[in-house]
Amino acid sequence: MSALSTDHLLGIKDITKEDIETIFSTADNFKDVLNRPIKKVPSLRDITIVNLFFENSTRTRISFELAEKRLSADVINFSSSSSSVNKGETLIDTVNNILAMKVDMVVMRHPAPGAAKFLSQHIDSQIINAGDGTHEHPTQALLDAFTIREKLGTVKGKKVAIVGDILHSRVALSNIFCLQKLGAEVMVCGPQTLIPRHIRSLGVEVSHNLDEALAWCDVANMLRIQLERQEISYFPSLTDYQLQYGLTIPRLNKLKKEITIMHPGPINRGVEISSDIADSEHALILDQVENGVATRMAVLFLLANKK
Ligand code: CP
């Protein structure tokens, strides 16, 4: 097993293809562990990890906590909604107070792009970015690519369309970096208003036509519309969005091939994806969630071994 090139996981942009492959081979081993009757290993005994969540989360938060517990780490959970952040405490003061209690690693979700990097420059602990605003969500991209590799055998040479609200999506950016490093071709698809103007400079294809994107791709990763990050209207109505960009059975039936459907969650059923597709065997949504635990165990384990 080779060591990672980084002490923190701040974004996929900062890590190498070899790092990703090391994470995947380690995750393969942890996936075997998770399929055993006894799912716990002592790898991170004596390591204390705090999960700092300044934004809502279901999947990422539970997945990190489970991964940490499966590795036998001591785990502290922090939610900004029930903390002294509401009394005006700064991020650095909050974290320094937690670190004074001798914490080794910090997993942080924060609404500000760059928050994880900022923290890594001010404290000695190892930082894992669990989503920083509209910037990156590295472990989501890793588990997505791991799931494509598991389903299709390889990521190299595959065509992946990322569909929806690209403008506000940290999942889209991390997926673009991860998939390209692994040799996939990437297309982004959505209304012109929800595609960043300079996205082509990242080497991705752009389409505003879902049927065209579906005909092109092997994998469609459907993203939700992030209404909580939108202060203006980017399209006339959710009904209009669903008609143009919603993935439905009639749309899939028009294709002359099978494609793999992914979604990072949370799903808005009936908007970007219909319930019958989300619950069908074509969708890997719950495989993604399952693989999230093994992938995050691998990241935690490999980073802890850097110390
Ligand atoms: N995919 C994802 O990040 O989901 P949560 O916001 O529920 O963590």
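The shell around the ligand takes at least three residues from each of two domains, domain 1 (12-136 + 289-304) and domain 2 (138-284), with bounds that come from an automatic or database domain assignment. The model is a predicted one, where local features need pLDDT of at least 70, side-chain atom pairs count only at pLDDT 80 or more, and totals for chains, interfaces and linings use all residues. Residues are numbered from 1 along each chain as its sequence is written, and side-chain values use heavy atoms, with hydrogens and water left out.

So who's in the shell? S57, T58, R59, T60, R109, H137, Q140, P264 and G265 surround the ligand, each with a heavy atom within 4 Å of it. By type, the shell has one nonpolar, six polar and two charged residues, with Gly counted as polar and Pro as nonpolar.

Now for the polar contacts, meaning pairs of N or O atoms within 3.5 Å. A ligand oxygen lies 2.8 Å from an N or O atom in the R109 side chain. On the nitrogen side, a ligand nitrogen is 2.8 Å from a polar backbone atom of P264, and one is 3.2 Å from a polar backbone atom of G265. The protein buries 91% of the 260 Å² that the ligand exposes when taken alone, with areas from the Shrake-Rupley method and a 1.4 Å probe.

Notes:
Polar contact = N/O pair within 3.5 Å; in protein donor to acceptor, adjacent residues only side chain to side chain.
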